[in-house]
Structure formats: structure tokens, C-alpha cells
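Subject: Structure handover and notes

Dear colleague,

I am passing on the structure we spoke about, and below it you will find my notes on what turned up. Please read them with the model open beside you.

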Amino acid sequence: MVEGGPVKADKTEFTECWKISSKNPYIMKLAFAAGIGGLLFGYDTGVISGALLYIKEDFEEVDKSTFLQELIVSTCVAGAIIGAAVGGYANDRIGRRKTIMVADVLFFLGSIIMAIAPVPAVIIVGRVLVGLGVGMASMTAPLYISEASPAKIRGAMVSTNGLLITGGQFLSYLINLAFTRAPGTWRWMLGVAGLPALIQFLLMWSLPESPRWLYRENYVHEAKEILEKLYPEDEVDREIQALRESVESERAMEESIGKNPVVRRGLYAGVTVQVAQQFVGINTVMYYSPTIVQFAGFASKSVALSLSLITAGLNAFGSIVSMLFVDRYGRKRLMIISMAGIIFFLIFLSVVFIEASSHAPKFGILAVVFLGLYIVSYSPGMGTVPWIVNSEIYPLKYRGVGGGIAAVANWVSNLIVSESYLTLTEHLGPGGTFFLFAGVSTLSLCLIIWFVPETKGLPFEEVEKMLAEGYRPCGGRKVKGEKVGKVTGDDNAA
């Protein structure tokens, strides 16, 4: 462990990730098996955008009620709020592996219930169950991957979860398009998610628990056995020693979350990035993408779904970009660049949608282009990095509950945005709504600069030390002997 600074990351890019994982495929096996939770997360949040078009055809009451449409979309998010809260507790109590398996059961049950739903109320019940699974998986999968990855490629490995989330969203649009002419349309769209949930449940039987959770729970021998599979032989003892020091330090300072400065500063950063991720408005695009395309002047359902498939593909592409650069250039820098692009293109989208209402389809095409550029800006930074930050910024003892609190903040923000989007467009229009998102995104950028430290290349134990010592808004650590401030507005820099 390097005292006082990060591990050098000259080559910690995708090539280094590939080099290490190819030498030790076990690391990649853990990452992709856990990442199926991300695939389900992405699929279940994306599939409803196309399914809703056909649910409205089958149920007249849904077609006539904007509130009911928003309810079908947002109940998944409401379930995710509860799932994230329960998942945070479950992660610390029963472990990462079992929490993922519980999420799979909920995914499977919810998918089957939605597929056979005779009335909209039953669809809503299924959406709640799926939401519970989404909430648990959203914070558990990156945490599990993070704790099973070497520090210098941890960002890239956790980005595989982000890639599978965006891949799941892309897959949802592809399946939506494939089933447009099939009998049952939306039932197939919603029900097919049960298959990957079943596959992941079976895979998790053969995978181990997180070595860091095991060590914390005094399963030292089991933790060492797993670390021996993840690290070169000459690094295992160093990892065990670092874990021992971290756990002993925590036990010597048994404080509540509110009184622990490391956890508090971690939550400032973790909650900030998770709320910002949603208030840029991305999930209005993912949930209502075909509807937005129709706003832009493309009335055909199949055309709307086809164009939405392009936006989902760009989102997945951005996740690959994140894997390439997150360990090389850092988490905070990617988020700042991402937010700058988001704000720029949201403003352009606002102008274009205002013009599209009276000059479609010329401006409608421009709307789709800027929508794609907005997603390209979002995905490599704000799409994946908030989950990476939250998987590595909390002390081991509080990693589950800390990530759970931040995930709850994420899903509450998601619920607010998704539940209000159609209502906002009715009152402000799509252009005015995107301009509102641009304003909120500007505020979010300022908060990220102020509250979020850089964790690139840092072992978990070094992240804890940095948070204990304090850090400056510019991202640097405070020098030794520099005064540490009180818990006030400048606590992030304390």
C-alpha cells in the first residue's frame, strides 16, 4: 500500500484491465456474473418505454390517463427506492452474494407477473417487485465487483457493470422492436427479463462471497483463499495486512454514521453524484425515448422505437469509453467533462424542441441528433462514474449501508424526475423541460466540484485515509499538519 498517495495509473486503462483479466479470467468471471444484475437493471428500466406504447392500446384507461402512464413507469422506481434501502442493510448483514440472489428472485417473479397481467393494476404489482430487485442490484453489483478487483483496474471493472446496464437498455429497445408485430407484444417485452435473472441466480451459486465482507465478518481463512485467486502471490499478504489495518481502525473508532467524518464526507460525495446523475434528466430519455421522438415529429411507433434504439446504442458505446479512461484520467475529471457536455446539449435540445413543434420534421431530425450527443456526453461520465465512486468511497463496515443511502437518493431523484416528466412537458413543453434540466445540471456541476474527491488508483484503505484527513474542492489532499475544519459547509475541504 502506498502511503499518502494513489497507486500510479500510467497504464491503468482498458488495455491494463484486459492484460490483468486475461492472465486471471477469474476476475472477469466475477465481474460479468455480478454484472448480469446491471443488465437486468438496464433492461427493466428501458423496456417500459416501448411496452407502454402497446399497453395503452390494450387498456383504454391507460391511454386516457397520463397519471396512470406515469404510475406504470414510476412504480418500478418506487420499488427500487425500497430495494436500495433494504439492499444496503442486507449487504452488510448477509453479504453481497446472497443479496444479489434475492434480487434475482424478485426480478423473476416480477417479470412473470407482468407477462400474465390481466389488468393494469397487476402490471403495477409486477413493476414494484421488479423495482425491488433493481434497487438491490443497482448498488450491490458494483460493490461486489469493486471489492473483487485490484485497485488499479477497479474503475474499469466496475464500468463493466455500467456497460451491462446500458447494454440492457439497448437490448430492451431491440426486443421492443422485435416484438412489435408478435401476439402479446408488451407481455413478451416485460416477461423476457425473467430468463437472465434465472441465469444469474444459478451462476451465483458457484461464486464466492466478497473477500472484504468475509474478512470483516471474521472469516479470515475464506477471505484469504479468495484473495489468492484474485491477486498475484506476492500481493496477497499485502492485501490481507491492509484489510487488517482497516478493520482494526474501524473497531477502534466505533462511531455512528453521523459522527464518523469518513462516512459523512463519503456520503456528501456519494449522494451528490447519485442525485446529479438523475437530475440531468437522463431517465426521462430512457423511459420516454419513443415518446420524445414522437414529440419531435415522428408519429410511427416502429420509427420511434428504431430511433430510440440508436440512442440506447450510443449510451452503451459511452460505457465502453468509460472503461477506457476512468482509471487513466480519473473519476472526477470524467464527471466534470461529462456534465459540461450535458449542459451544452440540453440547452441545444431545448431550442430545437421548441422549433420542432412548428417546423417538424426538419427540426425533428436535429432533435434526435442532439439527443444522441447528449447521451454521448452523459454515458462515459455521469452514466457510470457515480456507481464507481459509491462502490469505493465508504469504510468497509459502512460500505453496504453507505451505498444503500446513496442509491436511495438516486432512486428518489429518479422517481421525482420520471413521475413529473410528462406533466412538465404538458405545462412547459419538451423544450422548456430540457431547459429546466440544464439549469439543475449547472448547479449539480458546482456541487460535484466542491464535494467529490478523486479516488483514481487508490486502494480502499487510502480512500479512507484521504476522507479522514480531508481534501480540497480542486481534488487534492490536504497536506500533513494542515488544519482540519469543523463539520460545516466546508467540511468537504476539511
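How many disulfides does a search of the whole structure find? The search finds 0 disulfides, and please keep in mind here and throughout that this is a predicted model. For background, a disulfide is a covalent bond that joins the sulfur atoms of two cysteines. As for individual cysteines, C76 has a relative accessible area of 1% and is therefore buried, since the cut-off for that class is under 20%, whereas C446, at 48% relative accessibility, counts as partly exposed.

The axes of helix α4 (residues 66-93) and helix α19 (residues 399-451) come within 7 Å and cross at roughly 175°. Because angles over 145 degrees count as roughly antiparallel, that crossing makes α4 roughly antiparallel to α19. If you sort the residues of the contact of α4 with α19 by class, you will find 16 nonpolar, 11 polar and 5 charged.

I then turned to the empty space inside the model. Rolling a probe the size of a water molecule over the atoms shows where such space is left. The structure holds 3 cavities of 30 Å³ or more, and the largest cavity has a volume of about 170 Å³. This largest cavity is lined by 20 residues, of which I165, Q169, N283, Y378 and G383 are the closest to its centre. Its lining includes at least two residues from each of α2 (25-58), α7 (154-178), α13 (261-279), α14 (282-295), α15 (301-329), α17 (362-383) and α19. By class, the lining of the largest cavity divides into 8 nonpolar and 12 polar residues, with no charged ones.

The second largest cavity contains about 70 Å³ of space. The residues that line the second largest cavity are M139, P142, L143, Q274, W387, N390, S391, R399, G403 and A407, and at least two residues of this lining come from each of α6 (120-147), α18 (385-392) and α19. In this second lining, 5 residues are nonpolar, 4 are polar and 1 is charged.

Helix α20 (residues 460-469) deserves a separate look in your viewer. Of its 10 residues, 7 are buried, so α20 is largely enclosed by the rest of the structure. The buried residues of α20 are F460, E461, E462, V463, E464, M466 and L467. After α20 comes G470, whose phi is positive, near 100°.

N218 is not a glycine, and yet its phi is positive, at about 75°. You will find N218 in the loop between α10 (211-216) and α11 (220-230), and because 55% relative accessibility is over the 50% cut-off, N218 counts as exposed.

From C-alpha to C-alpha, I175 and W186 are 9.9 Å apart in space, and in sequence they are 11 residues apart.

With best wishes

Methods:
Residues are numbered from 1 along each chain as its sequence is written. This is a predicted model: local features need pLDDT of at least 70, side-chain atom pairs count only at pLDDT 80 or more; totals for chains, interfaces and linings use all residues. Side-chain values use heavy atoms; hydrogens and water are left out. Buried means under 20% relative accessible area, exposed over 50%, partly exposed in between (1.4 Å probe, protein chains only). Helices (H or I, at least four residues) and strands (E, at least two) are DSSP runs, numbered from the N terminus. Axes are lines fitted to C-alpha atoms, for helices over the stretch in contact, and angles run from 0 to 180 degrees between N-to-C directions. Angles under 35 degrees count as roughly parallel, over 145 as roughly antiparallel, 65 to 115 as roughly perpendicular and the rest as oblique. Ala, Val, Leu, Ile, Met, Phe, Trp, Tyr, Cys and Pro count as nonpolar, Asp, Glu, Lys and Arg as charged, and the others, Gly among them, as polar. A disulfide is a pair of cysteine sulfur atoms within 2.5 Å. On a 1 Å grid over the protein atoms alone, a cavity is a set of points where a 1.4 Å probe fits but cannot get out, and a pocket is an open set with protein on both sides within 12 Å along at least five of seven lines; lining residues have an atom within 4 Å of a point. Grid points are joined across faces, edges and corners, and a volume is the space filled by probe spheres set on the points.
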